[in-house]
Each structure stands twice: as C-alpha cells, then as structure tokens.
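This briefing covers the fold, the sheet, the helices and the aromatic contacts of one protein. Please keep the sequence and the structure in view while reading.

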Amino acid sequence: MRPVRSAHRFPLPRPVLVAALVWAAAGCQGQARSGPAEQAGSIAWTEPSAYTYTLRSTGGERLLIGTFRVTVRDRKVAHAVGLDEQGRAVVRRAPDVVPTLGGLLRELAEARRDGADTAEVRYSSAGPPLRITLDRSADAVDDEARYVISDYAVSGAR
C-alpha cells in the first residue's frame, strides 16, 4: 500500500501571493496613524508662518462646525471666512475658535496625551495634514471631531 500525501494547493502561485501581500502592506504606510506607535513617530512637516487652507469641521456637539477658508500669518489666524451657513455663524459669534493647522495638530497631540480612543491623522505626500479624526471616548456621545483640510497653499508673509 502506498502512503497518501496531502498536498495543499493555493489557487494562486506563491510569487503572486507574496507580491500581493507586499503591495497591500506598502499601501498602508503613511496613512491614518493612531496609538502609542504613532506617538513615538513624527511627520517631517513644519507649519509655515503664512498659508491658506480650507477646513471642513464635522462631528460632535461643538462650536467649530462648518466649512471655513482660513488665512494664516505669523502662525496666527489673520482671517477666516465661513463658506457655509454653519461656518458663517461660527465666524460671526466666535472667530477666534477657527484654528491654524498647528492648532489642529496641538489638539491631536493633546488627545493622544489624554488617551483618546481615536486620535488619527493622515498627511499629504507634501507634508501638511489632510484629515484628523478624534474621539476622546468611544463610549461618549457627540465628543467626536473630524477635520478635513484642503486647498492648502503656502503664501508669502505680509
């Protein structure tokens, strides 16, 4: 009698599987980051002294809700314009609540120091943040903050 040998067969050849795994792992690098591992690392982006950007702020029960066009000079908000009804109301009531990108990154760092359940950032390939997601407590209702940054452009200081 002949011994029976079990042969495991994969539907794809091993080199194809290895290539797919390497491609998937490479696609995950530089994306959303959160947790202790991210706290140790940093992105090499320095906030310039003068720039403009568009901020869409959503989530939670907070004052800073809406879409804004922000002009920064000397790393301070020089001008903010509400681009939607909510944004215009915020600028009318409390224009100083609209942050710089540095302010958003400080809020992210504070959430991480405080042990937030979610404190993620996604950076553009050019360096500045594209998206920041915060949820200080997964069990709490309406404490989330989501920031989407677009139309970022460095400008000359005036």
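Helix 4 is followed by glycine 115, whose phi is positive, near 80 degrees. Helices (H or I, at least four residues) and strands (E, at least two) are DSSP runs, numbered from the N terminus. The model is predicted: local features need pLDDT of at least 70, side-chain atom pairs count only at pLDDT 80 or more, and totals for chains, interfaces and linings use all residues. Residues are numbered from 1 along each chain as its sequence is written, and side-chain values use heavy atoms, with hydrogens and water left out.

**Overall fold**

- The protein has 4 helices and 6 strands, and along the sequence they follow the pattern α-α-β-β-β-α-α-β-β-β.
- Of its 158 residues, 33% count as buried (buried means under 20% relative accessible area, exposed over 50%, partly exposed in between, with a 1.4 Å probe and protein chains only).
- Among contacts between residues at least 6 apart in sequence, 50% join residues at least 24 apart; contact means heavy atoms within 4.5 Å.

- At 1.5 Å a residue, the 13 residues of helix 4 should span 18 Å, and its end C-alpha atoms are 18 Å apart, which agrees; the expected span is 1.5 Å times one less than the number of residues.
- At the start of helix 4, a side-chain oxygen of threonine 100 reaches to within 3.3 Å of the backbone nitrogen of glycine 102.
- The buried residues in helix 4 are Leu101, Gly102, Leu104, Leu105, Leu108, Ala111 and Arg112.
- An α-helix has 3.6 residues a turn, so residues three or four places apart point the same way.
- Helix 3 (residues 85-93) lies across strand 2 and strand 3 and runs at about 50 degrees to strand 2.

- The 6 strands form an open sheet in the order 3-2-1-6-5-4, with antiparallel pairing; two strands pair if DSSP finds at least two bridges between them.
- Strand 3 (76-82) and strand 4 (118-123) are the edge strands, each pairing on one side only.
- Neighbouring strands of this sheet are turned by 20 degrees against each other on average, direction ignored.
- Strand 2 (residues 66-73) is joined to strand 3 by 6 bridges, and threonine 71 has histidine 79 in strand 3 as its bridge partner.
- Between strand 1 and strand 6, which run antiparallel, there are 7 bridges; tyrosine 51 stands opposite valine 154 in strand 6.
- Strand 5 and strand 6 also run antiparallel and are joined by 5 bridges, and the bridge partner of arginine 131 in strand 6 is valine 148.

**Aromatic cluster**

- The whole structure holds 3 aromatic pairs. Rings of Phe, Tyr and Trp (its six-membered ring) pair if their centres lie within 6.5 Å; planes under 30 degrees apart count as stacked, over 60 as edge-to-face and the rest as tilted.
- Tryptophan 45 and tyrosine 152 form an edge-to-face pair, 6.1 Å centre to centre with 70 degrees between the planes.
- This pair links parts of the chain 107 residues apart: tryptophan 45 is in the loop between helix 2 (36-40) and strand 1 (50-58), and tyrosine 152 is in strand 6 (residues 144-154).
- Tryptophan 45 is buried at a relative accessible area of 15%, whereas tyrosine 152 is partly exposed at 25%.
- The rings of tyrosine 51 and tyrosine 152 have centres 5.7 Å apart and planes at 45 degrees, so this pair is tilted.
- Tyrosine 51 lies in strand 1 and tyrosine 152 in strand 6, so the pair ties together parts 101 residues apart in sequence.
- Tyrosine 51 is buried, with a relative accessible area of 0%.
- One aromatic cluster is formed by Trp45, Tyr51, Tyr53 and Tyr152.

**Threonine 54**

- Threonine 54 lies in strand 1 and is buried, with a relative accessible area of 9%.
- A polar contact of 2.9 Å joins the side chains of threonine 54 and arginine 69. A polar contact is a pair of N or O atoms within 3.5 Å; within protein, one must be able to donate a hydrogen and the other to accept it, and residues adjacent in sequence count only if both atoms are side-chain atoms.
- Not counting residues up to four places away in sequence, threonine 54 touches Thr67, Phe68, Arg69, Leu83, Val148, Ile149, Ser150 and Asp151.

Definitions and conventions
Axes fitted to C-alpha atoms, helices over the stretch in contact; angles between N-to-C directions.
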